[in-house]
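I opened this model to look up its sheet, its helices and a few single residues. My notes follow in the order I took them.

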Amino acid sequence: MSEPDPAEHYFTADPSVPFTRKPVEVDAWGHRLRLDTGSGVFAQGRLDLGTGVLLRSTEAPASARRVLDLGCGYGVIGLAVATAVPEAGVTAVDVNERALRLTRENAAALGLGARVEALTPDAVAPDARFDEIWSNPPIRIGKAALHDLLLTWLPRLDDGGRAVMVVGRNLGADSLQRWLGEQGWPTTRLASAKGFRVLETRAG
């Protein structure tokens with residue numbers, strides 16, 4: 001996710017520097033989550049439209065035990081999974097250190113700190129595998145970088161696993177769906193609302 005604060009670059013937001021926090025309340029799969037967002041982090045002070053569509057258009061992944069929240073921002077998707085699926089462990093990944101700090105703080109406030117870890121991509125164990133990947137991916141990093149990102153993480157799905165992503169139609173959701181299929185990752189559309197597509201990509 002990448003929506004930088006005008007005064008700060010998203011990829012270099014320093015978690016040790018004082019920053020403005022804004023609370024947000026999110027309804028996710030029958031649970032109400034109170035989370036802190038922050039300046040320099042995607043969707044400060046709000047639930048972004050795409051993530052809202054994702055949560056409203058899907059059911060919680062009840063059978064998943066190892067879930068990756070890819071591009072976690074302040075942690076809303078991963079924390080929603082951990083809240084709705086008490087047996088699941090969540091790895092939340094982002095390049096923004098401040099986003100990771102907020103995710104850790106939000107997890108602790110919700111009593112989920114033991115099941116949610118927030119890490120930079122390089123800190124994830126090379127042999128880590130996941131039942132499911134959930135993401136509002138950072139489309140605005142550019143097509144080539146996005147393709148590289150997905151081809152890095154999709155192979156970490158276990159056999160029979162899946163990725164669930166929300167992508168703006170005007171930001172290339174349909175072409176991304178086709179491209180994933182061409183790369184050997186069959187992808188179908190689960191839902192479409194408010195200009196967004198919810199895509200499901202299956203592992204072999």
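**Notebook: domain, sheet, helices**

I began with residues 34–199: the chain there is 31% helix and 29% strand, and the end C-alpha atoms are 27 Å apart. Helices (H or I, at least four residues) and strands (E, at least two) are DSSP runs, numbered from the N terminus. UniProt lists this stretch, 34–199, as "domain: Methyltransferase small" in an unreviewed entry. UniProt positions are in the numbering used here, feature names are shortened, and annotations may be inferred rather than shown by experiment.

Ground rules next. This is a predicted model, where local features need pLDDT of at least 70 and side-chain atom pairs count only at pLDDT 80 or more, while totals for chains, interfaces and linings use all residues. Residues are numbered from 1 along each chain as its sequence is written, and side-chain values use heavy atoms, with hydrogens and water left out.

**The sheet**

I asked in what order the strands of the open sheet run. Seven strands form it, in the order β5-β4-β3-β6-β7-β9-β8, with mixed pairing. Two strands pair if DSSP finds at least two bridges between them. β5 (116–119) and β8 (187–193) stand at the edges with a single partner strand each, so one side of each has no neighbour in the sheet. From one strand to the next the twist averages 15 degrees. Axes here are lines fitted to C-alpha atoms, for helices over the stretch in contact, and angles run from 0 to 180 degrees between N-to-C directions.

β3 (residues 66–70) and β6 run parallel over four bridges. D69 has W134 in β6 as its bridge partner.

**The hairpin and the aromatic pair**

β1 and β2 pair in the antiparallel sense over eight bridges. They form a hairpin with two residues between them, and W29 in the turn has a positive phi of about 55 degrees. P23 stands opposite D36 in β2.

How many aromatic pairs does the structure hold? I found one. W29 lies in the loop between β1 (21–28) and β2 (31–38) and W134 in strand β6 (residues 130–135), so the pair ties together parts 105 residues apart in sequence. Rings of Phe, Tyr and Trp (its six-membered ring) pair if their centres lie within 6.5 Å; planes under 30 degrees apart count as stacked, over 60 as edge-to-face and the rest as tilted. Both W29 and W134 are buried. Buried means under 20% relative accessible area, exposed over 50%, partly exposed in between (1.4 Å probe, protein chains only).

I also looked at R21, in strand β1. R21 counts as partly exposed at 33% relative accessibility. R21 touches D36, T37, G38, R101, L102 and E105, leaving out residues up to four places away in sequence. Contact means heavy atoms within 4.5 Å.

Helix α4 (residues 143–153) lies across β3, β4 (89–93), β6 and β7 (157–168), at about 170 degrees to β3. Which residues of α4 are buried? They are L146, H147, L150 and W153. Seen down the axis of α4, these fall within an arc of 145 degrees, so they line one face of the helix. The arc is that of the directions from the helix axis to the C-beta atoms. A144 and D148 are exposed on the face turned away from the buried side. The cover over the buried residues of α4 includes β3, β4, β6, β7 and α5 (173–182).

In α5 the buried residues are A173, L176, W179 and L180. Down the axis of α5 they fall within an arc of 120 degrees, so they too line one face. R178 and E182 are exposed on the other side of α5. The buried residues of α5 pack against α4, β7, β8 and β9 (196–202). Just after α5, G184 takes a positive phi of about 90 degrees.

**An edge-strand residue**

Last, I checked L119, in strand β5. Is L119 buried or exposed? L119 is buried, at a relative accessible area of 18%. Setting aside residues up to four places away in sequence, L119 touches T91, A92, V93, D94, L100 and V124. L119 and S39 are 80 residues apart in sequence and 19 Å apart in space, C-alpha to C-alpha.
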